[in-house]
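Q: I would like to learn how to read the features of a structure, one at a time. Please give the general idea and then the case at hand.

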Amino acid sequence: AEVGRFALSATAAWNLNSMFGPRFVPGAEFALDMAGDGSSILFASANRSVRHPSYTDLYYRVGGAQGSRDLQSEWADHLEAGVRLRLGNGGDYAVQLEQALYHRQGHDLIDWARPNGSDTTFAINLREVTFTGLETVVNVTPTQPRGSDLHVRYARLGFTTMEASETSAGFESNYVLDGLKTKIDASVGLTLTGGFLLDARWSHQDRLGGYVSGETGQEVEYDPFTLVSLTLSRHFANDAFRAYLRVDNVWDLEYVDLGNVAQPGRWLRLGFAYQMK
């Protein structure tokens, strides 16, 4: 429903499963156009989600992993509020800023956990875990076509942080407790001389929790890491043909993301693309 500058929507649903019974799944969203022209939006939402155990969660028993037939369905209440602003009207570049706060109250969350010193990973329900965080996104785009001269095509900065009420002390959490504590992403697209395009991406990540070291058998915390990627490209034949060179993990960084498997080092990719019209 929309009344003036207000917009409100609400849903009420029941999830009925023959194995896990009924679940009430409500939701509501609210938005307020504070200026009346779409340049400043205040928004909020409240939703509930439900996830039933999968066949793997219940019955898998291969390769040191053991499911559990006693698992309960997980459910969580999500709250979010924020503001979306459009800045820089009338200038060469438009700036959009979005700031949001979120809170997730999870119950019986399904996870795969390996106790320290054990060779077996078990499917379990974590009784109650709360996640609280904020997300900031800034987008910058030109307001007018800039032609082929040297200019910025876009720029984006994203910042996300999250805290959990529980930790994985004494065991390795494969999913629930190993979320990203801090993530900062920055990207920029440039038009260069000669029709070349350069896209640069920078990402810093710091993950919660830890993993069991293959050398010591003990849990160690994840180390934060920073990655840089570059893509140089050019279009031909009225933009129908595109050639590009992409370099990921430019500094050839050695790092571990999830688990104790080392991630790839520097990647070089040369590609061609043709768009049929």
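Q: Is Arg 269 buried, partly exposed or exposed?
A: Relative accessible area sorts residues into buried (under 20%), exposed (over 50%) and partly exposed in between, using a 1.4 Å probe and protein chains only. Arg 269 has 34% relative accessibility, so Arg 269 counts as partly exposed. The model is predicted: local features need pLDDT of at least 70, side-chain atom pairs count only at pLDDT 80 or more, and totals for chains, interfaces and linings use all residues. Residues are numbered from 1 along each chain as its sequence is written, and side-chain values use heavy atoms, with hydrogens and water left out.

Q: With which residue does the side chain of Arg 269 meet in a salt bridge?
A: A salt bridge is a side-chain nitrogen of Lys or Arg within 4 Å of a carboxyl oxygen of Asp or Glu. Here the partner of Arg 269 is Asp 248, at 2.1 Å from N to O. Helices (H or I, at least four residues) and strands (E, at least two) are DSSP runs, numbered from the N terminus. This pair links distant parts of the chain, with Arg 269 in strand β17 and Asp 248 in strand β16, 21 residues apart.

Q: How many salt bridges does the rule give, and which residue pairs with Asp 257?
A: The count comes to 11 salt bridges. Asp 257 pairs with Arg 207, and their closest N and O atoms are 3.1 Å apart. These two are 50 residues apart: Asp 257 is in the loop between β16 (241-248) and β17 (267-274), and Arg 207 is in strand β12. Arg 207 is buried, with a relative accessible area of 15%.

Q: What does the side chain of Thr 130 make a polar contact with?
A: A polar contact is a pair of N or O atoms within 3.5 Å; within protein, one must be able to donate a hydrogen and the other to accept it, and residues adjacent in sequence count only if both atoms are side-chain atoms. For Thr 130, the partner is the side chain of Gln 105, at 2.9 Å. Thr 130 lies in strand β8 (residues 121-142) and is buried, with a relative accessible area of 15%. Contact in general means heavy atoms within 4.5 Å. Leaving aside residues up to four places away in sequence, Thr 130 touches His 103, Arg 104, Gln 105, Glu 163, Ala 164 and Ser 165.

Q: Where is Lys 277 found, and is Lys 277 buried or exposed?
A: Lys 277 is in the segment after β17. With a relative accessible area of 82%, Lys 277 is exposed. The C-alpha atoms of Lys 277 and Ala 240 are separated by 8.0 Å, and the two residues are 37 residues apart along the chain.
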